[in-house]
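I opened this model to see how its parts pack. My entries follow in the order in which I looked things up.

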Amino acid sequence: MRKFDGPKAKKFQLPAILLLAYILVIIAKQTGLLSSYFLQILMFIGINMVMTVSLGMINGFTGQFSIGHGGFMAIGAYTSAFITTLLTVRENPLGYLIFFISIVIGSAMTGLAGFLIGIPTLRLKGDYLAIVTMAFGEVIRTIIRVSEPLGGPRGISGIPAVTNVTTIFIFAIGSIWLIRNFLHSTYGRASRAIRDNEIAAELNGINTTKQKILVFTIAAVFAGASGALYAHILQFIHPDNFTFMKSLEYLIYLYIGGANSISGALVGATIFTIIPEVFRGLQIWRMVIYSIILILVMLFRPEGIMSDKELSFIQKKEDLFP
Amino acid sequence: MEYLIQQLINGIQLGTVYALIALGYTMVYGIVRLINFAHADIFMVGVYTALFTATAYQTPFLLVIIISMSVCAVLGVVIEKLAYRPLRHKPKLSALITALGVSLFLENFCALPFVFGPDYRSFPELIPFKKYVIWERFTITNIFLINLLVVSVLLSGLFYLVHYTMIGRKMRAVAYDKVTASLMGIDVDRTISFTFLVGTALAGASGILYGMTYTSIQSPYMGIWPGWKAFIAAVIGGIGNLPGAVVGAYLMGISEVYANAFNSDLGFGIAFAILIVVLIFKPTGLLGKKPHEKV
């Protein structure tokens with residue numbers, strides 16, 4: 001038997017699965033099978049996935065070491081929350097449009113910040129770069145804390161809860177698809193060349209500084225958009241939501257999953273968003289068990305759960321993806 | 001003017017605490033190239049050990065220091081053996097994530113009610129508190145003088161250890177090149193363990209000084225911020241460089257106290273601002289050497 005529709009059927013397999021999953025979630029939501037608590041966890045998983053994959057662009061695929069991703073999230077969250085609370089989206093007939101625009105503005109602001117931070121810092125290497133990105137994250141937080149229009153240390157409250165499962169679903173899949181395509185493109189290959197050997201990459205005509213800043217900026221844009229959506233789930237944001245612990249969380253998701261693969265980031269973000277919730281009943285023991293699991297996973301799988309392998313739907317067929 | 005000088009004294013006091021923690025960070029980093037996130041929590045264990053030994057048995061000051069330093073040293077060596085050594089030849093980042101895990105574990109485990117408990121405690125008065133007024137203007141406490149004394153004894157001891165003893169020479173050799181050092185007959189594992197031992201013992205000493213100076217201990221999460229500030233101090237001085245850590249720590253302590261005088265949020269952020277400025281103009285820290293890039 002010859003395969004008549006093999007490749008073509010495969011092409012629609014993933015969208016079909018995703019659509020089915022989405023419809024199931026929506027049905028479960030409408031019939032009340034999934035409580036709002038579960039829906040919130042689902043939404044956090046989506047956001048954490050995008051945050052982790054975008055951090056993976058910098059840390060895993062370009063080999064730079066950034067630990068200040070929470071700061072970018074804060075810029076996106078604050079910018080969009082400021083806009084939506086100012087324009088009182090809840091009563092506005094154009095609410096969703098404003099929400100969408102606020103996300104775009106938030107991501108643009110974050111991208112700009114990423115660009116401006118990237119220019120001086122990406123000259124640094126290794127751990128020095130890590131510390132400076134962390135420092136920038138904290139400086140962003142300090143600036144928010146002292147600026148009165150943004151609520152200062154009190155934060156912004158009364159943010160409309162306009163983020164829902166559909167928004168997150170479209171956002172997560174869209175972002176991961178975009179990042180995947182970016183990493184499979186010429187730019188992605190340039191990134192991997194820099195990761196593997198920066199000097200060799202430079203000798204091969206890659207403008208390493210430009211490439212690094214580009215990746216940093218794009219990752220910041222996605223972090224900003226995630227932050228904007230995150231703010232509209234929480235409804236209340238506070239500078240202390242975005243401490244370096246937040247950034248370290250994403251670092252944990254990324255390296256637990258395996259930094260050199262997109263699937264790793266997805267797996268890490270999913271598992272380690274769920275684990276603390278599963279152990280919620282254990283109360284005081286929750287974080288103790290969480291940290292023990294973290295240590296054990298790292299000891300037994302030092303390269304992350306997925307190492308550098310990709311799940312089949314992320315793998316690009318024609319490319320020998322290393 | 002008087003106010004400024006009084007603040008300078010406070011800054012030096014804070015810098016002293018930072019210096020001892022920063023030395024531990026920088027020693028560990030120098031030898032295994034690992035940011036030991038758990039170091040700040042070992043410092044916390046040091047504070048609590050001092051608190052418990054001092055309150056339970058009315059132990060004299062010197063003994064408290066020794067007990068606290070040894071508890072921290074043992075803890076540091078055990079952590080190194082269990083959590084970092086198996087990953088030494090694996091990608092560097094996995095050891096870093098493990099270090100984060102150990103840090104989270106120590107914080108949350110110690111916050112359990114039957115360990116240290118999550119509550120606020122106050123540090124006992126180990127040495128009767130005295131105030132000296134100099135030139136009828138500035139007040140200096142005896143705690144401040146003791147801090148300076150302890151730090152100078154420990155620092156000169158450390159300097160002697162690193163530069164004039166066999167184990168110190170081994171430490172420097174391993175930090176420079178592990179493979180060659182092992183070819184010269186140096187037991188690399190033992191040397192690294194010893195480095196952890198010394199570094200964490202200093203954190204234990206710092207814990208007591210912190211407890212005596214600030215007397216309030218919020219919770220087992222208290223190590224986080226002093227730890228980060230000390231770590232930043234180590235980076236500013238050039239991580240891996242011992243005198244650099246001390247210089248960075250005093251710079252950090254003094255600038256933090258001055259900035260705090262204006263605005264507490266500013267005092268919090270100043271550390272990071274200094275760090276960014278220093279690293280942008282001097283990418284390997286104030287006293288750090290530029291690494292050679294091999295092609």
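I began with A:Gly71, which lies in helix α3 (residues 69-86) of chain A. Helices here are DSSP runs of H or I with at least four residues, and strands are runs of E with at least two, numbered from the N terminus. Is A:Gly71 buried or exposed? I found it buried, because 32 C-beta neighbours lie inside 10 Å. The cut-offs are 20 or more other C-beta atoms within 10 Å for buried, 12 or fewer for exposed, and partly exposed in between, with C-beta atoms placed from the backbone.

I then listed what A:Gly71 touches, not counting residues up to four places away in sequence: A:Phe136, A:Gly137, A:Ile140, A:Arg141 and A:Phe242. Contact means that the C-beta atoms, placed from the backbone, lie within 7 Å. I also checked A:Met134, 63 residues along the chain from A:Gly71; their C-alpha atoms are separated by 8.2 Å.

A note on the source. This is a predicted model, in which local features need pLDDT of at least 70 and side-chain atom pairs count only at pLDDT 80 or more, while totals for chains, interfaces and linings use all residues. Residues are numbered from 1 along each chain as its sequence is written, and chains are lettered from A and ligands numbered from 1 in the order in which they are written.

Next I looked up confidence. pLDDT is the predictor's confidence in each residue, from 0 to 100. Chain A has a mean of 84, with 92% of its residues at 70 or more. Chain B averages 85, and 98% of the residues score at least 70. The model scores ipTM 0.82 and pTM 0.86.

Then the largest nonpolar core. It has 185 residues, and B:Ala22 and B:Leu275 touch the most other members. Such a core is a set of buried Ala, Val, Leu, Ile, Met, Phe, Trp, Tyr and Cys residues joined through C-beta atoms within 7 Å. Helix α1 (residues 2-32) of chain B gives the most to this core, 14 residues. I followed B:Leu275 and, leaving aside neighbours within four places in sequence, found contacts with A:Ile131, A:Val132, A:Ala135, B:Ile232, B:Val235 and B:Ile236.

Most residues other than glycine have a negative phi. A:Gln235 has a positive one, near 70°. A:Gln235 lies in the loop between α9 and α10 (244-257) of chain A. It counts as partly exposed because it has 15 C-beta neighbours inside 10 Å. B:Arg33 also has a positive phi, near 55°. B:Arg33 is in the loop between α1 and α2 of chain B. With 16 C-beta neighbours inside 10 Å, B:Arg33 is partly exposed.

How values were computed:
Two residues are in contact if their C-beta atoms, placed from the backbone, lie within 7 Å.
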